Amino acid sequence: MDVSWEPVEQGDMTGVLLGYEIRYWKDGDKEEAADRVRTAGLVTSAHVTGLNPNTRYHLSVRAYNRAGTGPPSPSTNITTTKPPPKRPPGNISWTFSGSTVSIKWDPVVAKADESAVTGYKMLYRQDSHSAPTLYLASKSRIDIPIPEDFTHAFVQIRVTGPGGDGVPAEVHILRNSGTSMMVEDSVMRPVPHAVVITTQSLVMVALISYLEL
């Protein structure tokens, strides 16, 4: 969660302001057992991670100096988003048409205790040594341009939404395989510096980022 607040007034302080302390605790717990995150100096915002999904939290903010912490702000509360679906996309298949490969899969439907699916992320690599390209799709299919000498590629597909990214499914696409459904359970290692290409409209508004590529 991202937390921000108004700074304390200079006239309300004694001593030198060192920063602010955010205290947050789960609904039903006592504030005395709260977890804490501190900022330094005049920073008036913080990004808090490591929260449980689909959980109600209470939080307050205090200024602190060498003598300790000041009085708390009025407490507020927030409920984190549900986790993403646990199931990866299934029945992945593909067909070739000229300089394009069309990849499709069965849509993933979120359960009641999972966050909604707003789209899909696909990592595409020509081989195990090349940097991947990240494609975003709002539907359960995508068309990828391929070079004339295309022989094979590695593809990883996962759902995405307000609860973060789901479990990936990986396939090895072969030129001479025609339409196939070679779904593997392996997980492709993330590679930095991916190029982002948006192929279809995709809007995501997330308060909590749960899983990332």
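**Figure 1. Contacts of Ile-144 in the predicted model.** With neighbours within four places in sequence set aside, Ile-144 is in contact (heavy atoms within 4.5 Å) with Ser-99, Thr-100, Val-101, Ile-103, Met-122, Tyr-124 and Tyr-135. The structure is a predicted model, in which local features need pLDDT of at least 70 and side-chain atom pairs count only at pLDDT 80 or more, whereas totals for chains, interfaces and linings use all residues. Residues are numbered from 1 along each chain as its sequence is written, and side-chain values use heavy atoms, with hydrogens and water left out.

**Figure 2. The largest nonpolar core and a separate core.** A nonpolar core is a set of buried Ala, Val, Leu, Ile, Met, Phe, Trp, Tyr and Cys residues joined through side-chain atoms within 4.5 Å; buried denotes under 20% relative accessible area, exposed over 50%, and partly exposed the range in between (1.4 Å probe, protein chains only). The largest core has 22 residues, of which Ile-103, Met-122, Tyr-124, Ile-142, Ile-144, Val-155 and Ile-157 touch the most other members. At least two residues each come from strand 8 (90-97), strand 9 (100-106), strand 10 (119-125), strand 11 (133-137), strand 12 (141-145), strand 13 and strand 15 (169-174); strands are DSSP runs (E, at least two residues), numbered from the N terminus. Strand 13 gives the most to this core, namely 4 residues. Another core, of 15 residues, lies apart from it and includes Val-3, Ala-46, Tyr-57 and Val-61. In soluble globular proteins, nonpolar side chains tend to be buried together.

**Figure 3. Gln-156 in strand 13.** Gln-156 is placed in strand 13 (residues 152-161) and is buried, its relative accessible area being 1%. The side chains of Gln-156 and Arg-158 are joined by a polar contact of 2.6 Å. A polar contact is a pair of N or O atoms within 3.5 Å; within protein, one must be able to donate a hydrogen and the other to accept it, and residues adjacent in sequence count only if both atoms are side-chain atoms.

**Figure 4. The salt bridge of Arg-36 and Glu-21****.** A salt bridge places a side-chain nitrogen of Lys or Arg within 4 Å of a carboxyl oxygen of Asp or Glu. The side chains of Arg-36 and Glu-21 meet in such a bridge, at 3.9 Å from N to O. The pair links distant parts of the chain, with Arg-36 in strand 3 (residues 35-40) and Glu-21 in strand 2 (residues 19-26), 15 residues apart. Arg-36 is partly exposed at 46% relative accessibility, while Glu-21 is buried at 3%.

**Figure 5. The salt bridge of Arg-62 and Glu-31****.** The closest N and O atoms of Arg-62 and Glu-31 are 3.4 Å apart. Arg-62 belongs to strand 5 (residues 56-65) and Glu-31 to the loop between strand 2 and strand 3, a separation of 31 residues. Arg-62 counts as buried, at 14% relative accessibility, and Glu-31 as partly exposed, at 30%.

**Figure 6. The salt bridge of Glu-114 and Arg-87****.** The side chains of Glu-114 and Arg-87 meet at 3.5 Å, N to O. Glu-114 lies in the loop between strand 9 and strand 10, and Arg-87 in the loop between strand 7 (76-79) and strand 8, 27 residues apart. Glu-114 is buried, at 5% relative accessibility, whereas Arg-87 is partly exposed, at 30%. Elsewhere, salt bridges that share partners join Glu-21, Arg-23, Arg-36 and Arg-38 into one network.
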